[in-house]
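Here is a short report on helix packing. Have the sequence and the model open as you read.

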Amino acid sequence: MVDKSTGKNMDPKELIELAKAGNNEAYGKLYELFYTPIYRYLYFRLKDKEEASDLSQTVFLKVYKVLDTVEVSKNEPLAYFYTVARNTLIDYRRKKKDLYILDNEEMPDIPSSEIGIEESIDSQIEFAGVEKAMQNLTEEQREVITMRFIHDMSYKEISETLGKREDAIRQLQSRALKILKENLNKKDI
């Protein structure tokens, strides 16, 4: 990852070590690097911009508070942030259980200036079909598919985030893709 202001490569592990030593600018760079993927992860799960933004801030505050205990040699920093985001989301849903309603009709609103209106509509229609098909997956399968294909995480990162072996992640993905394929081939989706 390259710092836009200096043109230098920014290694997240080095940034964490600098932040642990009290360098707030290094933590700011981590925020810049990881905010968008964490926000997208939370938004995809919540479908609410404000809630996703609030929880994203909570994730970064939680990590900042325990920064001294983060061991960068064991895990990839982004996987650690995803783990905190996942746990924050679980806690949030527990607290808001009776208020949390998943609206399957609502389409995500992540704009892209690189695609035209027709392609955008086609993408939304395709997304709606995939989202409907994903309802037949287990929570773990949905998480693996989301992390792997929406957030471009490696098997290793997913394994660290979910606390499972890489082969278990591959099995979950394989089963999920089989179910998705079957559901997407049905006429009603």
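Is the crossing of H3 and H4 left-handed or right-handed? In this predicted model, the crossing of H3 and H4 is right-handed. By class, the contact of H3 with H4 has 10 nonpolar, 2 polar and 3 charged residues.

| Helix pair | Axis distance | Axis angle |
|---|---|---|
| H3 (residues 49-65) and H4 (residues 77-95) | within 9 Å | roughly 120 degrees |
| H6 (residues 139-150) and H8 (residues 166-185) | 9 Å | about 95 degrees |

**H3 with H4.** The axes of H3 and H4 cross at roughly 120 degrees. That angle makes H3 oblique to H4. On the H3 side, the contact residues are Glu51, Leu55, Thr58, Val59, Phe60, Lys62 and Val63. They meet Tyr80, Phe81, Val84, Ala85, Thr88, Leu89, Asp91 and Tyr92 in H4.

**H6 with H8.** These helices pack at an angle of about 95 degrees. H6 is therefore roughly perpendicular to H8, since 65 to 115 degrees counts as such. H6 contributes Glu140, Gln141, Val144, Ile145, Arg148 and Phe149 to the contact. H8 contributes Ile169, Leu172, Gln173, Arg175, Ala176, Leu177, Ile179 and Leu180. The residues of this contact divide into 9 nonpolar, 2 polar and 3 charged.

**Arg86.** Helix H4 also holds Arg86. Is Arg86 buried or exposed? Its relative accessible area is 17%, so Arg86 is buried, the cut-off being under 20%. Leaving aside residues up to four places away in sequence, Arg86 touches Tyr41, Glu143, Met147, Thr161 and Leu162.

Key: Residues are numbered from 1 along each chain as its sequence is written. This is a predicted model: local features need pLDDT of at least 70, side-chain atom pairs count only at pLDDT 80 or more; totals for chains, interfaces and linings use all residues. Side-chain values use heavy atoms; hydrogens and water are left out. Axes are lines fitted to C-alpha atoms, for helices over the stretch in contact, and angles run from 0 to 180 degrees between N-to-C directions. Helices (H or I, at least four residues) and strands (E, at least two) are DSSP runs, numbered from the N terminus. Angles under 35 degrees count as roughly parallel, over 145 as roughly antiparallel, 65 to 115 as roughly perpendicular and the rest as oblique. A crossing is left-handed if the near helix is turned anticlockwise from the far one by less than a right angle, and right-handed if clockwise. Contact means heavy atoms within 4.5 Å. Ala, Val, Leu, Ile, Met, Phe, Trp, Tyr, Cys and Pro count as nonpolar, Asp, Glu, Lys and Arg as charged, and the others, Gly among them, as polar. Buried means under 20% relative accessible area, exposed over 50%, partly exposed in between (1.4 Å probe, protein chains only).
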